[in-house]
Amino acid sequence: MLEDRTLAGPSPTPWPTAYPQGYAVVDVETTGLARDDRIISAAVYRLDARGEVEDHWYTLVNPERDPGPVWIHGLTSEVLEGAPLFADVAEEFAARLDGRVLVAHNAVFDWQMIAREYARAKSEAPVRQRLCTIALSKELGLPLPNHKLESLAAHFGVVQQRAHHALDDARVLAEAFRPSLRAAAAGGVRLPLLECRPLTEWSDRPVPRQQSGGGYGGYRAGSWRPSRKRPACPYPNPGRYEAGKRLKQGMRVAFSGDTSVERELLEDRATEAGLHVATSLSRLTSLLVTNDPDSGTSKAAKARQYGTPVVDEAAFGQLLRDVEPADGD
């Protein structure tokens, strides 16, 4: 069930001294995408400072619940029944992550799932920074048709053998990350590193929504950060954002996926500009801000379903500079 193999190889490439000293390329398969979903398998490829593989590790995890979309990951209840619980593998998993930058494709998702599992186990993952390979491919200006893992793999000639199998997905990502890292080093590109904040407490029980303030008490159920009460937006929703026009005070804005600027700072800036920061996406949402509109997050999927306008983080930053006052202001 657990696999470990050591590999290493020298690389003569000149290297930026500010780059991290090691990486943990991670993939987790889960019972779903929601905040109360669980990890059912995990894989870690440890890489040295220059992206050479040191070893890899893989485990199944018993989620103590329905395995979810078996047609995607192929892991049935029967397969998972005898697997260890997350608490049983948490120490070994942590040893693979310790002191390294967590690397994943759509890294915010993998990090959130891992942080929640460690919080359930009353522990913390020893990870302080993460690197999203989607963000790195954008920094490098790679000519990809989209931001799917298979597109990144194809660009570097990496053959994927078992899509949505954690070990193979982690292998593919490790093989694609190595040339990406070397290209970044050769070009003096700043790596898009983001902070990882561990949870300090967790409850899978739904927390009643307060009647005022629009927040939750304590931690939001399934949240990876403490809830913050924001003042209610004083302006009515003027409707959807239209491309080429200005944002208008009162517009409902939702965020999804990894951002180069800390999410809370983006939300604070939007609130200060008179926008309504929405925690979910509905037909009333004026705009979705995401750097990966093709991702499988629930907000991105709903945006496609509802035809909600989408802009990336950079475009949103430009729009924030000139927000139109609400009617009557």
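Reader: Happy to look at this predicted model with you. What makes the place of His164 a loop position, between which helices is it found?

Author: His164 is found in the loop between helix H6 (149-155) and helix H7 (166-187). Helices are DSSP runs of at least four residues, and residue 164 is found between those two runs.

Reader: Why is His164 called partly exposed?

Author: Its relative accessible area is 41%. Buried means under 20% and exposed means over 50%, with partly exposed in between, so His164 with 41% is partly exposed.

Reader: Let's turn to Glu64. Where is Glu64 found, and what is its phi?

Author: Glu64 is found in the loop between strand E4 (53-60) and helix H1 (70-73). Phi of Glu64 is near 60 degrees, again a positive value in a residue other than glycine.

Reader: How do you know whether Glu64 is buried or exposed?

Author: Glu64 has a relative accessible area of 56%. The cut-off for exposed is over 50%, so Glu64 counts as exposed.

Reader: Good, and what about the chain as a whole: how many helices and strands are there, and what share of residues is buried?

Author: The chain has 10 helices and 11 strands. Of its 329 residues, 52% are buried, each with under 20% relative accessible area.

Notes: Residues numbered from 1 in each chain as written. Predicted model: local features only at pLDDT ≥ 70, side-chain atom pairs only at ≥ 80, totals over all residues. Heavy atoms only, no water. Buried < 20%, exposed > 50% of the residue type's maximum accessible area, 1.4 Å probe, protein only.
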